[in-house]
Amino acid sequence: MITGWIAAERRSLADVLDGLSAEQWATPSLCEGWTVRHVVAHLTMPFRYSAGRFMIEMAKAGGSFQRMSDKVAERDSALPAAELVAAVRDNAEHQWKPPGGGFEGALAHDVIHGLDITSPLRIDRTIAVDAIKAVLDTITSPQGRKHFGVDIDGIRLQATDIDWSCGSGTAMTGRARDLALFLSGRRIPDGAVSGAGTRWPTGGTGQ
């Protein structure tokens, strides 16, 4: 089931990307320092790079994934837009999984980066309810909390647009997609989430 959500997310994002103007491709994303082009280059890296090439790039970056990711995104963002869109669409059913993250991690990776692109462009793309629920469950899991530096102790997270909640204590509410972005360290508009106070890092990463 989760692989079906991943495939649907990639096809939906490819449809959005297909209609973007050159100006929109150059728009800053929610990933700090990255444009829409950079994010798409990053999203498609697992499809375009073999395991061997990935390891070579990691070695060149001194073993730092973030350094390698930034370098590859910068270089590959120069690829033609049509090639980047095709890499998303043609690999909708690709079985890539982030190390230790499983398909849940792959879904979260695709959904969050998709929102990194569409949110600043003010494109309100529909995400399947079950898919965004799975993403929120992944982000708020112990592994997700460690990865993003999330502190939800004493907080009850409650989505206002779907039936999802997590934790107990002081309420924090917002649309599911805004909670997902906030919990993954992205900058979101004031008032997009409310209650409890901000206890998470701001400014999204490229990971």
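Colleague: Which helix gives the most to the lining of the largest cavity?

Modeller: This is a predicted model, where local features need pLDDT of at least 70, side-chain atom pairs count only at pLDDT 80 or more, and totals for chains, interfaces and linings use all residues. Numbering runs from 1 along each chain as its sequence is written, and side-chain values use heavy atoms, without hydrogens and water. Helices (H or I, at least four residues) and strands (E, at least two) are DSSP runs numbered from the N terminus; H1 (2-18) and H3 each supply at least two residues of this lining. With 3 residues, the top contributor is H1.

Colleague: How much space lies in the largest cavity?

Modeller: On a 1 Å grid over the protein atoms alone, a cavity is a set of points where a 1.4 Å probe fits but cannot get out; a pocket is an open set with protein on both sides within 12 Å along at least five of seven lines, and lining residues have an atom within 4 Å of a point. Points are joined across faces, edges and corners, and a volume is the space filled by probe spheres set on them. The search finds 1 cavity of 30 Å³ or more, and the space in the largest cavity is about 50 Å³.

Colleague: How many residues of that cavity's lining are charged?

Modeller: The lining consists of Glu9, Arg10, Leu13, Leu43, Phe47, Val88 and Asp110. Ala, Val, Leu, Ile, Met, Phe, Trp, Tyr, Cys and Pro count as nonpolar, Asp, Glu, Lys and Arg as charged, and the others, Gly among them, as polar. That gives 4 nonpolar, no polar and, as charged, 3.

Colleague: Which helix supplies the largest share of the lining of the largest pocket?

Modeller: This pocket has a volume of about 860 Å³, and 28 residues line it, with Trp96, Pro98, Pro99, His109 and His147 nearest its centre. Helices supplying at least two residues each include H3 (36-48), H7 (102-118) and H9 (142-148). The largest share, 6 residues, comes from H7.

Colleague: How many of the 17 residues of H7 are buried?

Modeller: Buried means under 20% relative accessible area, exposed over 50%, and partly exposed in between (1.4 Å probe, protein chains only). H7 is largely enclosed by the rest of the structure, because the number of its 17 residues that are buried is 15.
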